[in-house]
Amino acid sequence: MESPRLAQDIMVEKLVTLNPDQDVFESIKSLLKHKITGAPVVGGDRSYLGMFSEKCCMSVLTLIARLASERGYPSATPPTASQFMATKLVTLDPRTDVFEAIAYLLKHHVSGVPVIDADRNFLGVFSEKTSMRVLVDAAYENMPTTEVGAFKNPDRGRTISEQTTLLECAQIFLDTPYRRLCVLKDGKLVGQISRRDVLLNENILSGIVHDRREALIAESRQVDLSEAEEPTEHGPLPSTAVHNFSDKNARTITADLDLLGIAQVFLTTPYRRLPVLHDGKLIGQISRRDVLLATNRLIQIAPEPEKAMLYLSSISDRQETRFA
């Protein structure tokens, strides 16, 4: 029987990182350029200083917008959801097999998919975090294949209307762990907005302040950071270096934490990625997706679908997912 897989076995070592003195607006552009949701902030000796995530970006943009409002800067009417939402969406039928849904998320590199019925009524979202719960439960007991509808998250806090503004979307993303908001009209799904959609429109939010850097430096109020478990207060900011806006309380792990332990961290925290440290230095990173891929490879499926029982095996590693 194989030993449990550890963080060092599945972590990604080649990472996009940010210099602590890098300008925060350039850092936002870096996340967009590399199509990533966050990047570790590290010193020249690879010493780990914090995490700069999409939610940190939301903190910057909402702060700039608030400063503009307080100081009476003229601004154009912000766009509403109907003007910048994505309308060509992949969705799941509630009768879809839950393990087929997990394989779909992995194959198409998406972190969540809306679940709708035949009339496009919104039923919920099937996400990476829900997927992880399914696989962790399978690690403890045999469970029959079942429909994704039983595992969807129906939380209406992740839904908005077509009239919700860009700034309101940014604030929702800042206040919640969600990465996407489903746009509903009369209870039916008509579009979706992601954190990235807001960041791609950051010039609308921050462009109303001509000198964004000076405005941030002059600001001395509390800045609520992204995914920090405890609110963090800043004094007067000496610069707009990304280090001033990074989440210094982000959860980290060590290389010897096993797969199930890593999954439990993801299930009990809002984080989507965990920096792996050794003696305070960054040696790698693990995302929810990395854990799902590693766990999904251990799933064994019996040949008769109607009687199939799913379980985690530490004996035989599958080489690829069932639906890849």
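**Close-up views of a predicted model**

The chain exposes about 15,400 Å², and carbon and sulfur atoms supply 48% of that area. The model is predicted.

**Figure 1. Overview of the chain.** The chain contains 12 helices and 13 strands. Of its 324 residues, 51% are buried. Taking contacts between residues at least 6 apart in sequence, 62% join residues at least 24 apart.

Figure 2. Helix 2 covers residues 24–34. Its buried residues are V24, F25, S27, I28, S30, L31 and L32. F25 is itself one of the buried residues of the helix. At the other end, helix 2 is followed by K35, whose phi is positive.

Figure 3. Most residues other than glycine have a negative phi. K35 has a phi near 55°, a positive value in a residue other than glycine. K35 sits in the loop between helix 2 and strand 1 (38–42). Because its relative accessibility is 70%, K35 counts as exposed, the cut-off being over 50%. R46 also has a positive phi, near 70°, and is likewise a residue other than glycine. R46 belongs to the loop between strand 1 and strand 2 (48–53). With 32% relative accessibility, R46 counts as partly exposed.

Figure 4. S111 is located in the loop between helix 5 (98–108) and strand 3 (112–116). Its relative accessible area is 10%, so S111 is buried; the limit for that class is under 20%. The S111 side chain makes a polar contact with the side chain of R180, at 2.2 Å. Leaving aside residues up to four places away in sequence, S111 touches S127, E128, R179, R180 and R272. R180, the polar partner of S111, also falls within strand 7 (residues 180–185).

**Figure 5. The hairpin of strand 7 and strand 8.** Strand 7 (residues 180–185) and strand 8 (residues 188–194) run antiparallel and are joined by six bridges. Within this pair, L184 stands opposite L189 in strand 8. The two strands form a hairpin with two residues between them. In the turn, D186 has a positive phi of about 55°.

**Figure 6. Detail of the pairing between strand 9 and strand 10.** Strands of a sheet pair through backbone hydrogen bonds, either parallel or antiparallel. Here, strand 9 and strand 10 (residues 273–278) pair in the parallel sense over two bridges. T254 stands opposite L277 in strand 10.

Methods. Residues numbered from 1 in each chain as written. Predicted model: local features only at pLDDT ≥ 70, side-chain atom pairs only at ≥ 80, totals over all residues. Heavy atoms only, no water. Buried < 20%, exposed > 50% of the residue type's maximum accessible area, 1.4 Å probe, protein only. Helix = DSSP H or I, 4+ residues; strand = E, 2+ residues; numbered from the N terminus. Polar contact = N/O pair within 3.5 Å; in protein donor to acceptor, adjacent residues only side chain to side chain. Contact = heavy atoms within 4.5 Å. Pairing = 2+ DSSP bridges. Areas by Shrake-Rupley, 256 points an atom, 1.4 Å probe, with all protein chains shown as cover.
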